[in-house]
Amino acid sequence: MTFTPRFPRFLHGGDYNPDQWLDRPDILDRDIELMHKAHVNCVSIGIFSWAKLEPQDGVYDFDWLDGVIDRLWKGGIHIILATPSGARPAWMAQKYPEVLRVDEHFNRNHFGNRHNHCPSSPVYREKVRAMNTRLAERYAHHPAVILWHLSNEYSGDCRCEHCQKKWHAWLKNRYGTLDNLNRSWWTSFWAGTYSDWSQIEPPSPRGQSANTSMLVDWRRFSTQQCKDFILWEKAAVKAANPELLCTANLMERFWDYDYFSLSEALDVVSWDAYPQWHGEDDIARAAEFAMNHEMMRSFKDQPFLLMESSPSLVNWKRVNKLKRPGMHLLSSMQSLAHGSQSVLYFQWRKGRGGVEMFHGAVVDHDGLGEGRVFEDVTQVGTALEKLAPLYDAPRDKAKVCIIYDWSSWWAVESSQSGQLGHMQYFDTVNMHYRALWQQGVSVDFRDMRDCTDLSGYDLVAAPLLFMFRDGFAEKLRAYVENGGRLLTTYFSGVVDDTDLAWLGGAPHGLIDVLGVRATELDALHPQDSNALVMQDGRSFPIHELCELNENHGAQTLGTYGSDFYQGMPCLTRNAYGRGEAYYLAAKVDQSGLDAIYEEIISALNIPRALPDKLPEGVVATGRGGAVFLQNYSGRDQTVTLAGSYTDMLTDREVSGTFTFPACSVMVLK
Ligand code: GLA
Ligand code: ZN
């Protein structure tokens, strides 16, 4: 699948701000030379250029951009062209304050910063339409321009009058009548009943913040608002050339919008990855970012682009640590292993001022284009050229699916239960993913939308799936009945689509499928622990959450090791139809999940990237017949492979037993 038919290659480059250097043509010329030196073939421009493109209301200036684009094109550099809606000019904020967002305290923002527009403001919409239309008419057929970069890192929400009107319309459409809304939101709690639609203000720390159904719906609405804004931007740029595709750069662990839903508005998913390496646990960090990559691929079930990453460090974490030697190539190759078609950076060249002047860049203030970071970047550029045969190759087909659902995430983290404010949905799912990742298993992520089809999977894992949206229990039931394997956990199937508790026992609709019924949820203090004790005597620690359950015919595979529920089932398996359903009642540590998944994977013969047993932190990830062997363990490891391969990066033969250095990567063919 090729997103950029004008340039069907792995993209290497990143965010470039020539508009900050227009008075230094010498630097702009030097940039092109250095891009060649670093094997950079593509840059993203115009992301924050609105003040230069429309210096006064209705007065446009594209001459400088013509010059920049021509210069890049003559230099053979391709362009991802941004729409500038991520930040507005001062004159616009002053003349039309309605373009600025109203925050959760119902205060309107002032001019400054970025990512703070109102998505509904008719003025802002019109300004964006006019700008995007002009950009597209001028550049959408330019041979250098290969993709649209819509805005930048869409985020947040607005509570202005325009947005509140839309909120009411959205609610009317969803609930039809106020009676239905009051019932669906359980507003009889704390005198919350509404007698007119106009009373329904968005959630706010100054107003309603105790209705969790409303909180979930507000996030759904905000997703819809952003999606609608994306479609608006997209319509304007596509008018000139429908063939030129659109992306928007997404983020990790992103709470504000449901990315499965939002991605429907995009042609291509791209994202910005900023892992903090060399902290407490690089293996956990690598598993986290592997999951992010896998999710980005899953949103549209197609390859994705790594739109931003740092060539060295960022400047906005508490501790901004340099990438150790090898880590830049390794983490860049990780994105490729999971299906990326690019390695792009923020930023090409450090600016002289502003809060990002010390953020990592390919070219430092010295302007030299040499040294460790520049060499690391050049090494990645060269690697991408060597890996060209993999460009069209997809990630290995997944036989395992993990359910990750934004509505359920919003609901479980908003619920006052268990570990208050600390239910850790993302991290919990990530622990399950990590067990599969360590085994070299491909995983697709799916949510609970109607279009989700589980039939092709051998195993579906639905950890901590607090909400079962309408019809989802039936879908899981049919999946198991037809021979699928399901694994779900404590605190799943507890609430319905509007965040009301399901009546009649949890996990809703699956008690007979799982052979257990959940009864009580116990939360442990940080100093407490329990254990999952397997029938063969192996024992795995449990922290944070233990659920008690009642057996309805499931086979007990492991029991609780202590406390008043010692001996009660903690891990069970139940045969149902032609399949089986596992229930894990507690938050067992990683070692326990590793053991559970290892057994299921081997019992089901689920394909792994390599058949060999690898040391912890050494992982194999398969794409298009190649295997990305990566070492995140922080130390040299001894690896033994049964087969013999060629490393596509070095053309060396690889087989037998060898030392695999810390922070290194091979691409085995
Ligand atoms: C984000 C933004 C960039 C830049 C980087 C810094 O990803 O999109 O504009 O601010 O962070 O890490
Ligand atoms: Zn608004």
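## A walk through the predicted model

Tyr 560 belongs to strand β16, which spans residues 555–560; strands (E, at least two residues) and helices (H or I, at least four) are DSSP runs numbered from the N terminus. This is a predicted model, in which local features need pLDDT of at least 70, side-chain atom pairs count only at pLDDT 80 or more, and totals for chains, interfaces and linings use all residues. Residues are numbered from 1 along each chain as its sequence is written, chains are lettered from A and ligands numbered from 1 in the order in which they are written, and side-chain values use heavy atoms, with hydrogens and water left out.

With a relative accessibility of 2%, Tyr 560 counts as buried; here buried means under 20% relative accessible area, exposed over 50%, and partly exposed in between (1.4 Å probe, protein chains only). A polar atom of the Tyr 560 side chain lies 3.4 Å from the backbone oxygen of Ala 585. Tyr 560 and Pro 119 are 441 residues apart along the chain, and their C-alpha atoms are separated by 51 Å.

The domain assignment, which is automatic or comes from a database, divides the protein chain into domain 1 (11–390), domain 2 (400–604) and domain 3 (618–668). Taken over C-alpha atoms, the centres of domain 1 and domain 2 are separated by 34 Å. Contact between these two domains (heavy atoms within 4.5 Å) involves 39 residues of domain 1 and 26 residues of domain 2.

Because 16 of its 19 residues are buried, α10 is largely enclosed by the rest of the structure. At the N-terminal end, Asp 281 caps the helix, with a side-chain oxygen 3.1 Å from the backbone nitrogen of Ile 283. Just after α10 comes Asp 301, with a positive phi of about 55°. Asp 301 sits in the loop between α10 and β7 (305–308) and is partly exposed, at 48% relative accessible area.

Arg 395 is located in the loop between α12 and β9 and counts as buried at 9% relative accessibility. Its side chain joins that of Glu 294 through a polar contact of 2.9 Å. Such a contact is a pair of N or O atoms within 3.5 Å; within protein, one must be able to donate a hydrogen and the other to accept it, and residues adjacent in sequence count only if both atoms are side-chain atoms. Beyond its neighbours within four places in sequence, Arg 395 touches residues including Arg 297, His 338, Ser 442 and Arg 623.

Rings of Phe, Tyr and Trp (its six-membered ring) pair if their centres lie within 6.5 Å; planes under 30 degrees apart count as stacked, over 60 as edge-to-face and the rest as tilted. Phe 10 and Tyr 391 form an edge-to-face pair, because their ring centres are 5.5 Å apart and their planes meet at 80°. Phe 10 lies in the segment before β1 (11–15) and Tyr 391 in the loop between α12 (372–386) and β9 (400–403), so the pair ties together parts that are 381 residues apart in sequence. Both partners are buried, Phe 10 at 5% and Tyr 391 at 6%. Trp 167 and Phe 221 form a tilted pair, 5.4 Å from centre to centre with 55° between the planes. Trp 167 belongs to helix α6 (residues 161–175) and Phe 221 to helix α8 (residues 212–238), 54 residues apart. Elsewhere, ring pairs link a cluster whose members include Phe 254, Trp 255, Phe 299 and Tyr 425.

Some backbone details deserve a look too. Most residues other than glycine have a negative phi, and most peptide bonds are trans. Glu 544, in strand β15 (residues 539–551), has a positive phi near 75°. The peptide bond from Phe 346 to Gln 347 is cis, with omega near 15°, and Gln 347 lies in the loop between β8 (342–345) and α12. Ala 506 and Pro 507 are also joined by a cis peptide bond, with omega about -10°.
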